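This briefing is intended for a reader who is new to protein structures. Please look at the sequence and the model before reading the points below.

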Amino acid sequence: MSPHFPRRALATAMHLLPLLLLTACAQAPAENLPTTSNASAMLAPIPAEPIAQPAPSFAEWRQALRDEALAAGIDAALFDRVFAAISPDPAVLKADSSQPEFTRPVWEYLDGAVSASRIGRGRVLLAQHNAVLQRIERQYGVEAQVLVAIWGLESNFGSNIGSHSVIRSLATLAFEGRRQGFWRSQLLAALQILQHGDIAGERMIGSWAGAMGQTQFMPTTYNQHAVDFDGDGKRDLWNSSSDALASAAHYLQASGWQRGQPWGFEVRLPAGFDYALADPEQRRSLAEWAELGVRPIAPTGAAASARANLLLPAGHRGPAFLLLDNFRSILKYNNSTSYALAIGLLADNLLRPTEVQGSWPRGERQLGRSERIELQELLAMNGFDPGPADGIIGANTRKAIRALQLQLNWPADGYPNEELLKQLRGR
Ligand code: CA
């Protein structure tokens, strides 16, 4: 899941919620390229790169790529063997350009991601792999249940690793997808993995966007973070669960994971709470949150000095969570708050049953993409500054929504809903 890109391919893309991306303008998708299968990032509209003219044929393009690959040290025979039967894949291009109108609400996503069956399977695997997980935890400082949660969401514990030829997918995207430069570097990294001997070319399969193996690493992430933990000399994230789990741990370690710290926890808010504080930019110590009346649902074991921000994944009508630094490490794996929340909740549930206590606003309809764009346009017309009308609710749009909500004397949670859109339409 890291550029994380469409790891589990489209299925994933459909349930990640652009609404909930922490992605502010500072993290626009163009700068925030996925490291694993970050399907969510794929949903964002991406400005087309300037097109050189005339466009080369695939054969001409492949020849130029061959020159570049060989200059980078790729063996000519390997390149020719791998590219012998490669042609662009129209299905991959279609997936790349897809911008779904509707995404699942966060509670539906969590119902699937943290289902009873996934928790049950995860607990069995946590016990089965206990010995290797303990070794990994000692070496990389990442708790076993977090790794098993990632394994569960990325590939359903290794059972769903995608079936696309990674080279063909990446060649298609590098030849004519959006952000060709990004895909070209992924393709060259994939060739390096083949040259390294980690996997044979025909067995290098993954999501339509090239996310690979049980952890759904993109090739550049793979080259940086994949490790051979079972000691057979190969970093095999397809067939070795030990390699996959240790690689996920290595990646989280590099992303700043702090052993022994919770990712976050559910909280209750006091009456009359100022919802403007529920913003990624509002980070406070747990002691300060406590002074504001924010109370954990259960004892947390986190230090009072630990810093956290408050998340209302479904606005003020839904549950509330305080998120600590480890949540940010999970976001580096896959930059979607829904995903990171699912990892945290699944990991907790692998240890002990932990139900979300707040109730989700299940009756509330989510705005579709065109409605979110309309909302942004109407906000701008009414003198607010939501940023570009791209259907993505980032920091600027949240701020604009809050400003409108304050003007209306509504709870200023920055959350877009139908009521707000209707209000704007009536102006
Ligand atoms: Ca290995």
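Predicted model: local features only at pLDDT ≥ 70, side-chain atom pairs only at ≥ 80, totals over all residues.

Residues are numbered from 1 along each chain as its sequence is written, and side-chain values use heavy atoms, with hydrogens and water left out.

**Nonpolar cores**

- A nonpolar core is a set of buried Ala, Val, Leu, Ile, Met, Phe, Trp, Tyr and Cys residues joined through side-chain atoms within 4.5 Å; buried means under 20% relative accessible area, exposed over 50%, and partly exposed in between (1.4 Å probe, protein chains only).
- The largest nonpolar core has 93 residues, and Phe83, Ile167, Leu191 and Met204 touch the most other members.
- Helix H16 (residues 337-351) provides the largest share of this core, 9 residues; helices (H or I, at least four residues) are DSSP runs numbered from the N terminus.
- Leu191 has contacts (heavy atoms within 4.5 Å) that include Ala69, Ile74 and Ile167, not counting residues up to four places away in sequence.
- Another core, of 17 residues, lies apart from the largest one and includes Phe273 and Leu322.

**The calcium site**

- The protein donors of the calcium ion are Asp228 (OD), Asp230 (OD), Asp232 (OD), Lys234 (O), Asp243 (OD) and Asp243 (OD), at 2.2 to 3.0 Å from the ion.
- Donors are N, O and S atoms within 2.8 Å of the metal (3.2 Å for Na, K and Ca); water is not among the atoms, so sites may look incomplete.
- In sequence, the donor residues follow the spacing D-x1-D-x1-D-x1-K-x8-D.
- Asp230 lies in the loop between helix H12 (219-225) and helix H13 (241-254), whereas Asp243 lies in helix H13, 13 residues apart.
- Asp230 is partly exposed at 38% relative accessibility, whereas Asp243 is buried at 0%.

**Helix H8**

- In helix H8 (residues 130-140), the buried residues are Val132, Leu133, Ile136, Glu137 and Tyr140.
- Seen down the axis of H8, these residues fall within an arc of 140°, so they line one face of the helix; the arc is that of the directions from the helix axis to the C-beta atoms.
- The face turned away from the buried side carries the exposed residues Ala131 and Arg138.
- The buried residues of H8 pack against helix H7 (116-128), helix H9 (144-155) and H13.

**A buried glutamate**

- Glu371 lies in helix H17 (residues 369-381) and is buried, with a relative accessible area of 15%.

Definitions and conventions. Helix = DSSP H or I, 4+ residues; strand = E, 2+ residues; numbered from the N terminus.
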